[in-house]
Amino acid sequence: MNSYRDLIVWQKSMDIVTLVYKISKLFPDNEKFGLTSQIKRSSVSVPSNIAEGYGRNYTKDYIRFLNIARGSLYEMQTQLQVALNLSFVDESALDEINSLSKEVEKMLNSLISKLAN
(Lines give C-alpha, C1' and ligand atoms only; values in the text may rest on other atoms or scores of the structure.)
Protein backbone atom coordinates (compact mmCIF):
# COMPACT_ATOMS: atom_id res chain seq x y z
CA MET A 1 0.00 0.00 0.00
CA ASN A 2 1.51 3.28 -1.13
CA SER A 3 -0.97 5.73 0.30
CA TYR A 4 -3.97 6.15 2.57
CA ARG A 5 -5.89 6.66 -0.69
CA ASP A 6 -5.44 2.93 -1.35
CA LEU A 7 -7.38 2.04 1.81
CA ILE A 8 -10.92 0.89 1.02
CA VAL A 9 -12.08 2.29 4.37
CA TRP A 10 -10.82 5.74 3.37
CA GLN A 11 -12.46 5.48 -0.08
CA LYS A 12 -15.81 4.46 1.39
CA SER A 13 -15.65 7.18 4.01
CA MET A 14 -15.05 9.70 1.21
CA ASP A 15 -18.19 8.36 -0.48
CA ILE A 16 -20.07 9.03 2.74
CA VAL A 17 -18.86 12.64 2.77
CA THR A 18 -20.15 13.14 -0.76
CA LEU A 19 -23.54 11.66 0.13
CA VAL A 20 -23.78 13.72 3.32
CA TYR A 21 -23.12 16.94 1.41
CA LYS A 22 -25.78 16.01 -1.14
CA ILE A 23 -28.41 15.06 1.42
CA SER A 24 -27.74 18.05 3.67
CA LYS A 25 -28.94 20.31 0.84
CA LEU A 26 -32.44 19.05 1.73
CA PHE A 27 -32.21 20.42 5.27
CA PRO A 28 -33.97 23.69 6.14
CA ASP A 29 -31.99 26.87 5.53
CA ASN A 30 -32.21 27.80 9.19
CA GLU A 31 -30.13 24.70 10.00
CA LYS A 32 -27.23 25.85 7.82
CA PHE A 33 -25.09 26.76 10.84
CA GLY A 34 -26.60 24.15 13.16
CA LEU A 35 -27.13 20.50 12.42
CA THR A 36 -26.12 20.78 8.75
CA SER A 37 -22.72 22.16 9.69
CA GLN A 38 -22.20 19.55 12.42
CA ILE A 39 -23.05 16.64 10.13
CA LYS A 40 -20.72 17.90 7.44
CA ARG A 41 -17.86 18.38 9.91
CA SER A 42 -18.27 14.97 11.51
CA SER A 43 -18.45 13.23 8.12
CA VAL A 44 -15.31 15.00 6.86
CA SER A 45 -13.53 14.07 10.09
CA VAL A 46 -13.76 10.35 9.32
CA PRO A 47 -11.53 10.17 6.19
CA SER A 48 -9.41 13.05 7.48
CA ASN A 49 -8.45 11.14 10.62
CA ILE A 50 -7.87 7.93 8.68
CA ALA A 51 -5.46 9.83 6.42
CA GLU A 52 -3.74 11.67 9.26
CA GLY A 53 -3.26 8.49 11.25
CA TYR A 54 -1.86 6.70 8.22
CA GLY A 55 0.76 9.42 7.92
CA ARG A 56 2.00 8.97 11.49
CA ASN A 57 5.22 7.11 12.21
CA TYR A 58 3.87 5.08 15.09
CA THR A 59 1.22 2.37 15.16
CA LYS A 60 -0.16 3.69 18.47
CA ASP A 61 -0.73 7.10 16.84
CA TYR A 62 -2.42 5.45 13.87
CA ILE A 63 -4.74 3.51 16.17
CA ARG A 64 -5.55 6.69 18.09
CA PHE A 65 -6.56 8.49 14.89
CA LEU A 66 -8.60 5.50 13.73
CA ASN A 67 -10.44 5.64 17.06
CA ILE A 68 -11.10 9.34 16.51
CA ALA A 69 -12.42 8.51 13.01
CA ARG A 70 -14.72 5.90 14.52
CA GLY A 71 -15.96 8.41 17.08
CA SER A 72 -16.67 10.92 14.31
CA LEU A 73 -18.55 8.23 12.41
CA TYR A 74 -20.74 7.55 15.46
CA GLU A 75 -21.27 11.28 15.87
CA MET A 76 -22.40 11.57 12.23
CA GLN A 77 -24.71 8.55 12.58
CA THR A 78 -26.32 10.21 15.61
CA GLN A 79 -26.71 13.55 13.85
CA LEU A 80 -28.33 11.89 10.86
CA GLN A 81 -30.75 10.16 13.22
CA VAL A 82 -31.60 13.58 14.69
CA ALA A 83 -32.21 14.90 11.16
CA LEU A 84 -34.50 11.94 10.52
CA ASN A 85 -36.35 12.46 13.82
CA LEU A 86 -36.89 16.13 12.92
CA SER A 87 -38.17 15.13 9.45
CA PHE A 88 -35.41 17.03 7.65
CA VAL A 89 -34.96 13.90 5.54
CA ASP A 90 -36.82 10.63 5.10
CA GLU A 91 -35.44 7.22 5.93
CA SER A 92 -35.12 6.07 2.32
CA ALA A 93 -32.82 9.04 1.61
CA LEU A 94 -30.48 7.79 4.34
CA ASP A 95 -30.36 4.15 3.20
CA GLU A 96 -27.13 4.42 1.20
CA ILE A 97 -25.36 6.50 3.86
CA ASN A 98 -26.45 4.12 6.62
CA SER A 99 -25.30 1.10 4.65
CA LEU A 100 -21.90 2.62 3.88
CA SER A 101 -21.60 3.85 7.43
CA LYS A 102 -22.06 0.35 8.82
CA GLU A 103 -19.44 -0.95 6.38
CA VAL A 104 -16.95 1.72 7.40
CA GLU A 105 -17.66 1.02 11.07
CA LYS A 106 -16.85 -2.68 10.60
CA MET A 107 -13.72 -1.87 8.60
CA LEU A 108 -12.47 0.58 11.22
CA ASN A 109 -13.11 -1.95 14.00
CA SER A 110 -11.25 -4.62 12.05
CA LEU A 111 -8.29 -2.36 11.21
CA ILE A 112 -8.00 -1.17 14.81
CA SER A 113 -8.05 -4.77 16.06
CA LYS A 114 -5.42 -5.89 13.54
CA LEU A 115 -3.09 -3.01 14.35
CA ALA A 116 -3.52 -3.47 18.11
CA ASN A 117 -2.40 -7.13 17.98
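**Notebook: helices, core and ring pairs**

I started with helix H2, whose buried residues pack against H1, helix H3 (59–85) and H4. Some terms before going on: helices are DSSP runs (H or I, at least four residues), numbered from the N terminus. I call a residue buried under 20% relative accessible area, exposed over 50% and partly exposed in between, with a 1.4 Å probe and protein chains only. Contact means heavy atoms within 4.5 Å.

A note on what I'm looking at: this is a predicted model, where local features need pLDDT of at least 70 and side-chain atom pairs count only at pLDDT 80 or more, while totals for chains, interfaces and linings use all residues. Residues are numbered from 1 along each chain as its sequence is written, and side-chain values use heavy atoms, with hydrogens and water left out.

**Entry: H2**

I looked up the span of H2 (residues 35–54). Its 20 residues reach 29 Å from first C-alpha to last, close to the 28 Å expected at 1.5 Å a residue. The expected span is 1.5 Å times one less than the number of residues.

Where does H2 bend? I found a bend of about 25° at Val46, with a proline, Pro47, following within four residues. The bend is the angle between axes fitted to the seven residues ending at a position and the seven starting there. Val46 and Pro47 are both on the list of buried H2 residues, which also includes Leu35, Ile39 and Ile50.

I also checked Val44, which is found in H2. Val44 counts as partly exposed, at 31% relative accessibility. Not counting residues up to four places away in sequence, Val44 touches Val17 and Tyr21. From Val44 to Ala93 I noted 49 residues in sequence and 19 Å in space, C-alpha to C-alpha.

**Entry: H3 and what follows**

Next came H3. Its 27 residues should span 39 Å at 1.5 Å a residue, and the end C-alpha atoms are 39 Å apart, which agrees. Among the buried residues of H3 I listed Tyr62, Leu66, Met76 and Leu84. The cover over the buried residues of H3 includes H1, H2 and H4.

Ser87 has a positive phi of about 60° although it is not a glycine. Is Ser87 buried or exposed? At 62% relative accessibility, Ser87 counts as exposed.

**Entry: the core**

A nonpolar core here is a set of buried Ala, Val, Leu, Ile, Met, Phe, Trp, Tyr and Cys residues joined through side-chain atoms within 4.5 Å. Which members of the largest one touch the most others? Of its 31 residues, I got Ile16, Ile39, Ile50, Met76, Ile97 and Leu108. H1, H2, H3 and H4 each supply at least two residues of this core. The largest share, 9 residues, comes from H3.

I followed up on Leu108. Leaving aside neighbours within four places in sequence, Leu108 is in contact with Val9, Ile50, Leu66, Ala69, Arg70 and Leu73.

**Entry: ring pairs**

Rings of Phe, Tyr and Trp (its six-membered ring) pair if their centres lie within 6.5 Å; planes under 30 degrees apart count as stacked, over 60 as edge-to-face and the rest as tilted. By this rule I have 4 aromatic pairs.

Phe27 and Phe88 make a tilted pair, 5.7 Å centre to centre with 50° between the planes. The pair links distant parts of the chain: Phe27 sits in the loop between H1 and H2, Phe88 in the loop between H3 and H4, 61 residues apart. Phe27 is buried at 4% relative accessibility, and Phe88 is buried at 17%.

The ring centres of Tyr54 and Tyr62 are 6.0 Å apart and their planes lie at 85°, so I put that pair down as edge-to-face. Tyr54 is partly exposed, with a relative accessible area of 26%, whereas Tyr62 is buried at 10%. Ring pairs link Tyr4, Trp10, Tyr54 and Tyr62 into a cluster.

**Entry: salt bridges**

A salt bridge is a side-chain nitrogen of Lys or Arg within 4 Å of a carboxyl oxygen of Asp or Glu. How many are there? I count 2 salt bridges by this rule.

One joins the side chains of Glu103 and Lys12 at 3.0 Å, N to O. It links distant parts of the chain, with Glu103 in helix H4 (residues 91–116) and Lys12 in helix H1 (residues 8–24), 91 residues apart. Glu103 is partly exposed, at 33%.

Glu52 forms a salt bridge with Arg56, and the closest N and O atoms are 2.7 Å apart. Glu52 is partly exposed with a relative accessible area of 36%, and Arg56 counts as partly exposed at 35%.
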